[in-house]
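Hello,

Here is the structure I said I would pass on. Please open it first, then read the notes below beside it.

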Amino acid sequence: MSDLAAPAAALPDSGPTPREGAAWAARAVVAVAWTLGVSAVVLYLLTTSRVGQDALFVFVDASVALVYGAVAGVLLARRWHAVSWLLALASIGGGMAAFGGAYRGTTVTWGWPSLPHVEMWFGWTWVPGTVSLIIVVPWLMRDRALGPWSRVGLALGIVTTGALTVQRAVFPMSDPRPLLGAVVVLGLVTAAAVAWRARHEPAERDHVALGWLTVGVTAMALSFLPLLWYAIPPWTMAVLHLVCQLLFSGAILVVVLRQQLWGIDLAVSRALVAGILTVLLVGAYVIAVLGVQGAVGDTRTSQVAAAVVVVLAAPFLRQWAGRRVGALVYGEALEPHRAVRAMGAGFASDDERALLDVLVAQLAASMRLQSVAVTSGGATVASYGVPSDNVLELPVVHRGQEIGVLVVTAPPGEWLGARTVKAVQDLSDLVAAGLALTLALHEADAARERLTSARLQERKVIRRELHDGLGPWLAGLRLGMQGVRNAVRPNPDLAESLLDSLSAELDQRIADVRSLSHNLLPPAIEQLGLAAALQELAARWEQTGMHVRLRCAPLPALAAPVAAAAYAIASESVTNAAKHSGADTCTVTVDVDERTLRVVCTDDGAGLDPDVREGVGLRAMSERASELGGEVVVGPNGRRGTRVTARVPLEPSVETVIAGGKA
């Protein structure tokens, strides 16, 4: 999307390129506007012998030069755009008008030569820039193509601005009220169009910023009413214009910053504070001069008193403007308790799994951040916004342990000040709580899945034993019983022999069923503990000819999931050694090592075959350990045999217990 589509369609940009800014042009505009504005104020203060409406308009025009000179300089340095040049035109035109009005006094006080053309600046040079701010600039404050009605409004604004400029420059004695009335009407129409955009166009990225622009345009348009209705004192227009500089310049910068129009990245908070401070100081000076002069009637005394007021008020006005701009541009960094309250409300969400997303979005909105992301283990858990280049990474610490990283970015071209960083650090505790809960939920889900998988594997083992072992034997038992029935009369000795064989086979199958049930969960674990259950396991294998040497250190009280997992791993390890190793002896060692239960089974058999795939038994052991946060390692036992080492935490996580209870 071309970010110059809208301006190019209506008002061609000038300059070397439609996309890049120019530092030299920005410096030139600021230098000219500020030189004219400051010179006008100095000349007026040194030469005037009275204070009247001319003085107010000199200060108004000077404030336009200073405020819009700074704004135009900031924008021109980053983008060669029609809006930037119109702001530059307003600043230089205002400076020329102020200088022309102030120069009049030099011919009387110092006898400087009369320069009619310079003195005439006071009457018309402010028109093209100031009027275009109201009825031209708002149409161009967008980065999309103009619609048909917007083109009509822009065209009317350009024609009206040009006509009023020509009238004031060429025919200064003519009545300007018809064109000024058109400016007021078009200004209100323009404000209504901006308000409609903010309300009805979903593509607009920040309705709050457009709301500020609506207020600024409305105030600027209404400030011309004293020139239409002579019953209103003319000085009220000057006062209204001073107030409008505060609203309109701030509105323009807020729209550009918060909507990032035309790809401009700029740090406007200081420029906005400087502009507001300039207007406030000029207003304080004018009010002080008028007040003191009305009280004592002495111009010089009033000027001195006003200067003292400005000096004393400057620090307080600077602090006030800084707080307001900081809240407008950077959100609640200066008052983080508001963000804490808003983020804390997120914990009342019914959807616990969306909690972290809510906290991240609220943090970004409160601190006016470009993006916020939370990562853990190298993966992004929650994110909001599109990151910019200015990145700040903060550790997310929960209960003294770092569990993730909070990554925040400022809007393009902005920086994260010390207060913003401090506020984000304070709010990171809430993010840490949300991340801990989210990770716990993820771990619970993973544990539940692992536990379900382990239970499924166990059921497969039981099904295999029943289907491939007990089922066929029962079928064989039925055939054997039929054989006994057939032989009992003709050959009683054969029948008796068959019954003895069937009885021995039945005893073996009964032992197999008991072994299977004991392997699932032996009663001795619940009654006597893990050590006693392992001793019973070793005794049962002794009856089959497999010698199991048990070395069990004194064990603390074990949680039921830990004891069951350790027993199952030991039982499966001995079973594998008996069936696959070819050895008739194995050693099972159980001890505690740094809050971890360790189970080791070794044999001196044939060892592992590298080509053999992992079977159900090995997979079940691994899953039993991992669902409790442990691990199983199977490897060679020196030069001969196999070694199975399992480590299981003595204190399983809460999520594992919950998952186990739900499974």
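Helix α4 crosses helix α5 in a left-handed manner. Bear in mind that the model is predicted.

Two packed helices are described by the angle between their axes and the distance between the axes. Here α4 covers residues 82-109 and α5 covers residues 116-124; the angle is about 130° and the axes lie 7 Å apart.

Which residues of α4 meet α5? They are M96, A97, F99, G100, G101, Y103, R104 and T107, and on the α5 side the partners are V118, E119, W121 and F122.

Next, the aromatic rings. A pair of aromatic rings is described by the distance of the centres and the angle of the planes. The model has five aromatic pairs. In one of them, Y44 and F59 have ring centres 6.2 Å apart and planes at 70°; planes over 60 degrees apart count as edge-to-face, so this pair is edge-to-face. Y44 sits in helix α2 (residues 23-47) and F59 in helix α3 (residues 53-76), so the pair links distant parts of the chain, 15 residues apart. Both Y44 and F59 are buried.

W110 and W112 also form a pair, this one tilted, with 5.2 Å from centre to centre and 50° between the planes. Are these two buried or partly exposed? W110 has 40% relative accessibility and therefore counts as partly exposed. W112, at 36%, is partly exposed as well. Ring pairs join W110 and W112 with F99 and Y103 in a cluster. F99 and Y103 are also among the α4 residues that meet α5.

The last item is D603, which lies in strand β7 (residues 596-603). Why does D603 count as buried? Its relative accessibility is 6%, and buried means under 20%. What does D603 touch, leaving out residues up to four places away in sequence? The list is A577, S581, A583, T585, C586, N637, R640, G641 and T642. One of these, G641, is 38 residues from D603 along the chain, yet the C-alpha atoms of the two are separated by 5.2 Å.

Regards

Notes:
Residues are numbered from 1 along each chain as its sequence is written. This is a predicted model: local features need pLDDT of at least 70, side-chain atom pairs count only at pLDDT 80 or more; totals for chains, interfaces and linings use all residues. Side-chain values use heavy atoms; hydrogens and water are left out. Helices (H or I, at least four residues) and strands (E, at least two) are DSSP runs, numbered from the N terminus. Buried means under 20% relative accessible area, exposed over 50%, partly exposed in between (1.4 Å probe, protein chains only). Contact means heavy atoms within 4.5 Å. Rings of Phe, Tyr and Trp (its six-membered ring) pair if their centres lie within 6.5 Å; planes under 30 degrees apart count as stacked, over 60 as edge-to-face and the rest as tilted. Axes are lines fitted to C-alpha atoms, for helices over the stretch in contact, and angles run from 0 to 180 degrees between N-to-C directions. A crossing is left-handed if the near helix is turned anticlockwise from the far one by less than a right angle, and right-handed if clockwise.
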